[in-house]
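Please examine the sequence and the model shown here before reading on. The paragraphs below lead through its confidence, its strands, its ligand shell and one of its helices.

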Amino acid sequence: MSAAIEVIHVSKWFRRAKDRPTSLKEAVVKGLQSFKPASKFHALEDVSFSVEPGSMLGIIGENGAGKSTLLRLIGGVGQPNHGTIRVRGRIGALLDLGAGFHPDLTGRENVYISGVITGLTRQQVRERFDEIVDFAELHDFIDSPLRTYSTGMQMRLAFAIAAHIEPEILLVDEVLAVGDLAFQHKCLQRIQRFKQEGVTIVLVSHDISSIRQLCDDVIWLRHGKIEAHGPTEVVVGEYVAEMTAETRKRTPAAQPIDHTTSGIPLVVNQNRFGSQEISITNVVLLGAQGLPASEIDSGDSLTVEIHYQSQNSIERPIFGITLTREDGFVCYDSSSEASSLQINALHDKGVVTLLLDRLDLTGGQYYVDVGIYRQDWSYAYDYHWHVYPLTIRPTKGVKGVIRPPSHWQNTTSSPEDR
Ligand SMILES: Nc1ncnc2c1ncn2[C@@H]1O[C@H](COP(=O)(O)OP(=O)(O)OP(=O)(O)O)[C@@H](O)[C@H]1O
């Protein structure tokens, strides 16, 4: 079967007039050198992939990585400067807000125009009109000009139209980030139904948990190039690990804290970073017997309790734990986000726990580093580095990093048995 979408060696560049004057006066003041030609900037560079019919592809990457540009080109908005895009099927597109909408026309008029642009007849739009307005929940506003709509209202209308044109291919850009939670949930459910009905879907999102929940494969774009393309778990895992490391580098050191009132050990003063909007008040390591322990046997279970406190309500923070060997080697890294644990608003005090059923590391000295991060990983609220030591008792005859349950066997039969 032919691919639903084929992107072959696609590049897209823009001209950036970085230092160009914005007025004649500025041009005169800056002199003629301001007229140097705009530089060429690659938003996408030699991008190739295909999407099979009925599958769902996620596109992730940092701001400016080229995700929306790629989706727009697939949707026929603009042309690549190089390469080819082939799309087989009727496209329903939810691109940048307002793309395709006319601000001076009413919601009703926009529904008709969008429907007809995507290939429906006026009669077909008329038949679906009431359902579209019901889905968008915009009955009272449908005859008002679109420019009076909030961002969330525009997105609701755009989603409702895309959902009712029976697309074979659905392109969705960040729809889940706009609108209230109830509507986001409705969109997610509708996207899931499209998936079950065999619609090919490409979803651009910063919301990693939706990507993990919905997509079969993921492309990670970085500076306009494909950094990784593969099964969702693998690519998202790599991306989240890298984002965690980047966040730690960016997180500013906190002001020294008054440890006499916080009750946190002195060493925290030097090893604690973050904005402190949420504070980690204690970290407790529990061994196999469920008792506090800083020394365990290889293969024992380990429970890490993160006790936190926050004055204000904090939306969807991410909890992270890294196990580092004394020499800095990262042995294990996990976050609530990577494990799809959605933590909604946090307020006051509480405990978030990680349970490791077996810790099959070789004997040695380790640290359990813990952190709480903003929902988009942009910085840490509180991060404790090398504060909580963990000793794993040495086991005879085992070297290396891991010590999984294993046994030797001789499976060659002896000459007498033959
Ligand atoms: N029309 C344009 N003219 C000039 N530069 C553009 C244009 N459209 C996009 N770019 C640039 O191309 C790069 C990629 O933009 P794009 O919007 O595709 O990124 P993105 O990954 O979707 O980012 P975000 O996550 O912030 O939405 C950015 O640096 C952006 O400034």
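The structure is a predicted model, in which local features need a pLDDT of at least 70, side-chain atom pairs count only at pLDDT 80 or more, and totals for chains, interfaces and linings use all residues. Residues are numbered from 1 along each chain as its sequence is written. The pLDDT, the predictor's confidence in each residue on a scale from 0 to 100, averages 83 over the protein, and 84% of the residues score at least 70. Residues 254–269, however, have a pLDDT below 50, and this stretch has 16 contacts in the model beyond near neighbours in sequence; two residues are in contact if their C-beta atoms, placed from the backbone, lie within 7 Å. The model scores are ipTM 0.96 and pTM 0.63.

Helices (H or I, at least four residues) and strands (E, at least two) are DSSP runs, numbered from the N terminus. Strands pair if DSSP finds at least two bridges between them. By 4 bridges, β3 is joined in parallel to strand β7, residues 200–204, with V202 as the bridge partner of L57. A parallel pairing over 4 bridges also links β3 to strand β8, residues 217–222; there, V218 stands opposite G58.

The ligand is surrounded by F14, A43, G61, N63, G64, A65, G66, K67, S68 and T69, each having its C-beta atom, placed from the backbone, within 6 Å of the ligand. Helix α2 (residues 67–74) provides the largest share of this shell, 3 residues.

In helix α3 (residues 107–117), the buried residues are G107, N110, V111, S114 and G115. Viewed down the axis of α3, these residues fall within an arc of 130 degrees, so they line one face of the helix; the arc is that of the directions from the helix axis to the C-beta atoms. Their cover includes α4 (122–136) and α5 (151–163). After α3 comes G119, with a positive phi near 110 degrees.

Notes:
A residue is buried if 20 or more other C-beta atoms lie within 10 Å of its own, exposed if 12 or fewer, and partly exposed in between; C-beta atoms are placed from the backbone.
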